[in-house]
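Please look over the structure below with these notes beside you.

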Amino acid sequence: MSRRTKSVAFESSRHFDHDQGDACSIDENTTLLRRNDYYSYTQSAPSSPIFLSHASSVIRRARSNISIGTRAETIVGHQHSALDPNRTWYNNFTTIDWLREGVRTARDQSSLSLGGFQGWLCCFFVSLLTATVGYAIMLCEDWLFSIKSGRCSSGWWKSHDRCQRDFMPWSHKLLTAFTIHTVLACAFALLAALLTMTTLTVFPSGKRLYMAAGSGIPEVKVILSGFVIHGFLGINTLFVKVVGLTLAVASGMNLGKEGPLVHIASCIANIVSRCFPQINISEVRRRKTISAACAAGVSTAFGAPIGGVLFALEEASTFFSQKTMWRSFFSAAVAAGLLRTFNPHGTGKIMLLETTFDRPWRFNEIPIFVLLGALGGIFGGVFCIANIAWSRHVRSSRIVSSHPIFEVLVVCLLSSSLSYWNLWTRMSGIHMVNELLTRCSTKHLEDYSHLCPRPDADTSGIILSLTSAMLLKVLLTTVTFGLKLPAGIFVPCLSIGALYGRVIGLLLQSKWSLPLEPGVYAMLGAAAALAGVTRMTVSLVVIMLELTNSLHHAVPLMVTVLVAKWIADVIERRSIYELLIELNDWPFLSSHNATIGHSIDDLLPSPQSTYAATVDVTEVATVSKGVLLDKIAVVRKEGFGDGSLAVVKHGRLIGSVSLADLALSLDLLAAMSNDVPLLIDPFVGKLGDLTTEEFPRLKTPDTAETTSLTNLTPIVDCAPLSLARTTPLDMVNDLFAKLGLRQLAIHDDDGRYIGSIHRKRLVRAMRK
């Protein structure tokens, strides 16, 4: 394994950071505590303040290295809910327990007011940092993109847009200028790819993940749904994402920076939240903060604060409470306000586009709106299928997957060589969209004769140029999105839609002499193309309205976006983000998953698996430590290490115990024999009613006193959720998606326990 490759501690590899001198050390075959530290834990009873204070202090010291995004080498895997009721930690590639986290947060009344204040303060700092980082990316990317063509004689630090007439090209010879442009573009792409390679993570299962590659929105959606991906929102990923994104966009390839800004904002939120204890100890509060950060990211990217809030609600978050909405609104407003102070576009406005359309639309234009939406839907559906097919069959092949940097260079060389000779594809993506949305009534015809031709002018040349640019954009975007680079899909889709929208507007204006504004159709086409790919609806309409300040065209935008989504759903029912989630095999559930052709019986494990995950206390209230260790090993081997064991009595479910809590309890019993009985029946009498023979005690070598660690009933959930076997599968899917369940028990018509459905089983069934 290369020095840049990190190996990740998986479910059974739970350890503390050795550099911090904490109490646990990793062992390749076990997860037991070191013997001397174990004795220090067990010198007092687990219910005593001494024990809880010592255990919690060790856990809190290690917690400084733990979060959603810390480096995988220093992940603490112990879930400490059994010892510290204020905190649960989760192993990599597991799902958090939303119900337990929610109940714990609600019960902690003393921290509600403090947690609320810290939440608002955290969102404020996250928004400030997001806007600052976004501004820096915009400035650097704009300058690097300009440096490929020339330099500013009045100041080397000025970009082409800020330099205007003082900008000097490197050469007036076409071939020399093309060579310099291509070499610099490939150099930027190469540097971005090399940086991305440093974030490669290889999991024990063989899965390879480049943390900084792509837009990051699919993974953020999965994390906000409750899944844990260690390192994805860490400091290393943030640095590589920021620098790599700047270089990748400056290379001129068909990718954008707007989507990755959501990932960057999420990284900032995860890192800043570590400074606020009430957020740091709660996975629910942390994810609420990340949801608000997504709104700040979109607000920074587009200059659309209201659209950012709706994006966080519609696309990013699975659980979006009213409090989260208010904090998202606050975060988006702070980010937009600071961005206005920075003035990144030099216009005094925060909007990414500067065009405003105030001409009212006519009812006879509705068929044209429907046509634009249909074209966007066709493009979106076909693009999703083609891009995923390319990733699955070409990019995943042995030759391409083993040489990702070579793939980046080939695509960059192809993009630069083909795009340079067309005026439109040579521009940056957002500059092209801004030009295509030009209002002819506000421009001098001699300056924009190519976009605003005179009534008697021949438009075949500009139509051919725009059409060829659109086809080239479609081809290059299909093979570019998914490269091992920080890359978004928003601006490429807006560019493609604006191109075909402007073509339709020019055709209608020149061939049929209709009194219309071609820029309006470019705007509608841009929205339709993006809606077809991402299936955004409400948030997209609001973002486009904020970008163009064209409230008169709210209804045309709504019609176009709805038609685009409907048509795209017919071709491919899943958006590009959902397809990427499925391609990467993330356990993400949505409430609109198709359940036709499935039943609960299809999701239940085999009788052997059910037996291995069940503890029967009908005959005796205890179970040996060795039996529990065997059951944990079997369940983990099947890939359900974040599940639980069912406690059954007379065939009926009386409780369940989390594997993580159980594993920690057994770690504390490392010095005991595997034959020792452990009390696990939650309905047995109190501890004082048991004899010494029924409830053995452990004597430590350091003290003559004894301690009782074999009572497991405190970690048994006496009220697990359970459904009848005849429950419709749609209801099961809704419970998993809306409540964030990890596991759901099933009983027959007589109330007898027959098995449990794990979240991962449901996801696999829905994808077949």
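1. On a 1 Å grid over the protein atoms alone, a cavity is a set of points where a 1.4 Å probe fits but cannot get out, and its lining residues have an atom within 4 Å of a point. Grid points are joined across faces, edges and corners, and a volume is the space filled by probe spheres set on the points. The model is predicted, so local features need pLDDT of at least 70 and side-chain atom pairs count only at pLDDT 80 or more, while totals for chains, interfaces and linings use all residues. Residues are numbered from 1 along each chain as its sequence is written, and side-chain values use heavy atoms, with hydrogens and water left out.

2. Searching the whole structure gives eight cavities of 30 Å³ or more, and the largest cavity has a volume of about 170 Å³. Its lining is made of 16 residues, and those that lie nearest the centre are Pro605, Ser609, Ala613, Gln743 and Ser756. Helix H26 (607–612), strand E8 (644–649) and strand E16 (753–758) are the elements that each give two or more residues to this lining, and E16 gives the most, with four residues. Here helices (H or I, at least four residues) and strands (E, at least two) are DSSP runs, numbered from the N terminus.

3. The largest nonpolar core has 134 residues, and among those with the most contacts inside it are Phe302, Trp424, Leu436 and Phe490. Such a core is a set of buried Ala, Val, Leu, Ile, Met, Phe, Trp, Tyr and Cys residues joined through side-chain atoms within 4.5 Å, where buried means under 20% relative accessible area and exposed over 50%, with partly exposed in between (1.4 Å probe, protein chains only). A second, separate core of 24 residues includes Ile632, Leu659, Leu662 and Met672.

4. Rings of Phe, Tyr and Trp (its six-membered ring) pair if their centres lie within 6.5 Å, and planes under 30 degrees apart count as stacked, over 60 as edge-to-face and the rest as tilted. By this rule there are 17 aromatic pairs. Trp156 and Trp157 make an edge-to-face pair, 6.0 Å centre to centre with 90° between the planes, and both residues are exposed.

5. Which kind of pair do the rings of Phe311 and Phe490 form? Their centres are 6.3 Å apart and their planes stand at 85°, so the pair is edge-to-face. This pair links distant parts of the chain, since Phe311 lies in helix H12 (residues 305–316) and Phe490 in helix H20 (residues 490–511), 179 residues apart. Phe311 counts as buried at 1% relative accessibility, and Phe490 is buried with a relative accessible area of 2%.

Definitions and conventions:
On a 1 Å grid over the protein atoms alone, a cavity is a set of points where a 1.4 Å probe fits but cannot get out, and a pocket is an open set with protein on both sides within 12 Å along at least five of seven lines; lining residues have an atom within 4 Å of a point.
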